[in-house]
Amino acid sequence: MIADKMKPLMGNNSAIRTMFEEGDKMRAEYGPENVYDFSLGNPDAPVPAEVKQSIIDILNEEDPTALHGYMSNAGFEDVREAIAQSLNRRFGTAFDHGNILMTVGAASGLNVALKTILNPGEEVIVFAPYFLEYNWYVNNYDGKVVQAPTDQETFYPDLEAFEKLIGDKTRVVLINTPNNPTGVIYSEETIRQIADILERKQKELGRTIFLISDEPYRELAYGDVEVPYVTKYYDNTIVAYSYSKSLSLPGERIGYLVIPSELEESQLVFDTASNANRIIGCVNAPSLQQKMIARCVDVKVDLDYYDKNRTALYEGLKDCGFDCVKPEGAFYMFLKSPVADENEFCAEAKKHNILMVPGSAFACPGYVRLAYCTSYDTIVNSMDGFRRLADHYGL
Ligand code: PLP
């Protein structure tokens, strides 16, 4: 009944969703306050008030027929210009509306980018652990995902191994910083090193290699840590951005691609990507959300909300004897499983009403992901269970 290409993808769908559905059952049985669900990356920080007010103002002020109508596939020009200027102010770039293509979140932005540049059989290098939905996106265009290793202490790319994986079929290197699932942010030095390797390999192999920077967590960076703007280090970079996390709006589906003028045949790539937006069925990004973004271009959720959770969870787990890298960004923590089979650890945690996602759902067995986009109380109240878990494993 269903297409052959979809059949193997259905099993993949499950790890995080299954856990979430399990959580629903447990909430019904034990009461929501007694279930500590760290499974889903659904933003919990309140949507900034400016979002609602802008939407009300737009609906009151703008002509509905123009507002809700079709537009250029790339999106409203004034919105794209507002985003370009905001990026220029914040990161010292020199974009204008011609470099910004509005998309239906990062997921569709990545699909648009891959549709535009990836030929069947070409390879996309990702650093494991990684967001496994990349496999689906690459599969959409009959490409192949190649996993590059990271250092198991820091989750920084193993650059020597990475360089060896680049070959005649490599078309894209896909990075995600701040990272899901580790919360790690790549330093400027690491971005420079990746850029140097790619420059060298482009020359050596005589082919274009694109760097796609998937950045839905760009604004979720804690303390003074900087998230380098990747287009400044490597010309053939495409940025996929999303407001899902920065404004807590994942259901609204709004984001953009940056296609810099320095990218080879930039105008052709931009025009093709605009067309790809239509071809993959998005047509254009939602018009009301685009207009709202223009008015909220420098607004973001209250970072302290997640930072408080991050500190409480990290300190609490460390006190219990668990081992993890302190995340600098996003709202995820990647915890080393005290037993080799992290599925067993997840099953044991469930006995204490704690839900976590096995690292194998991110191509990294032996770890679990905790999404701390929960209420602060969930974190505080989960600690008894974590202590009992630590005792169980003799930590
Ligand atoms: N990339 C990563 C690493 C993600 O974690 C997610 C969503 O969680 C996405 C892309 C998709 O984001 P969006 O909701 O903006 O499409």
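What share of the 395 residues in the chain is buried? Buried residues make up 45% of them, where buried denotes a residue with 20 or more other C-beta atoms, placed from the backbone, within 10 Å of its own. This is a predicted model, in which local features need pLDDT of at least 70 and side-chain atom pairs count only at pLDDT 80 or more, whereas totals for chains, interfaces and linings use all residues. Residues are numbered from 1 along each chain as its sequence is written.

The chain contains 14 helices and 12 strands; these are DSSP runs numbered from the N terminus, helices being H or I with at least four residues and strands E with at least two. For 395 residues, a compact globule would have a radius of gyration near 21 Å, and the chain agrees, with 21 Å. This radius is taken over C-alpha atoms, and the globule rule is 2.2 Å times the number of residues to the power 0.38.

Around the ligand there are 13 residues, the closest being G105, A106, A107, S242 and S244; a residue is near the ligand if its C-beta atom, placed from the backbone, lies within 6 Å. Helix α6 (residues 105-117) gives the most to this shell, with 3 residues.

Elsewhere, two helices meet. V51, S54, I55 and I58 in α3 are in contact with L288, K291, M292 and R295 in α11, contact meaning that C-beta atoms, placed from the backbone, lie within 7 Å. By class, this contact has 5 nonpolar, 1 polar and 2 charged residues. Ala, Val, Leu, Ile, Met, Phe, Trp, Tyr, Cys and Pro count as nonpolar, Asp, Glu, Lys and Arg as charged, and the others, Gly among them, as polar.

Note on methods:
Buried ≥ 20, exposed ≤ 12 C-beta atoms within 10 Å, placed from the backbone.
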